[in-house]
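Please find below a colleague's note on the model, arranged as numbered points. The sequence and structure come first.

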Amino acid sequence: MLKYIKGNLENIEGVAIYPMISLVIFFIFFVILFWWVFTATKEHITEVSNIPFDNNQNEDTL
């Protein structure tokens with residue numbers, strides 16, 4: 001099964017760039033996520049973690 005897919009992909013010119021592009025996108029996403037986690041303030045993390053327990057907001061929307 002894999003040899004059929006590999007054979008088709010070998011015939012496409014410039015196909016080797018797509019795995020590199022996806023790796024770069026993946027790496028950039030996680031670097032930004034890592035940066036955001038370490039720069040987030042303690043107050044913001046506490047506020048966001050308490051959202052499921054906030055009954056006042058749920059009552060206002062009903």
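**Note on the predicted model**

1. The accessible surface of the protein is about 6,300 Å², and carbon and sulfur atoms account for 69% of that area. Areas were computed by the Shrake-Rupley method with a 1.4 Å probe, and for residues only the protein chains shown count as cover.

2. This is a predicted model, in which local features need pLDDT of at least 70 and side-chain atom pairs count only at pLDDT 80 or more, while totals for chains, interfaces and linings use all residues. Residues are numbered from 1 along each chain as its sequence is written, and side-chain values use heavy atoms, with hydrogens and water left out.

3. The protein has four helices and zero strands, giving the order α-α-α-α from the N terminus. Helices (H or I, at least four residues) and strands (E, at least two) are DSSP runs, numbered from the N terminus.

4. The mean pLDDT (the predictor's confidence in each residue, from 0 to 100) is 84, and 85% of the residues reach 70 or more. Helix H2 has the highest confidence, at 94, whereas helix H4 (residues 55-61) has the lowest, at a mean of 62. Where pLDDT is low, the predicted coordinates should not be read in detail.

5. Of the 62 residues, 0% count as buried. Buried means under 20% relative accessible area, exposed over 50%, and partly exposed in between (1.4 Å probe, protein chains only).

6. Three aromatic pairs are found in the whole structure. In one of them, the ring centres of Phe29 and Phe30 lie 5.0 Å apart with planes at 80°, so this pair is edge-to-face. Rings of Phe, Tyr and Trp (its six-membered ring) pair if their centres lie within 6.5 Å; planes under 30 degrees apart count as stacked, over 60 as edge-to-face and the rest as tilted. Phe29 is partly exposed at 48% relative accessibility, as is Phe30 at 40%. Together with Phe26, Phe29 and Phe30 form one aromatic cluster.

7. Phe34 and Phe38 are also edge-to-face, because their planes stand at 65°, with ring centres 4.6 Å apart. These two residues are four apart in helix H2 (residues 17-39), and are therefore separated by about one helical turn. Phe34 is exposed at 55% relative accessible area, and Phe38 is exposed at 60%.
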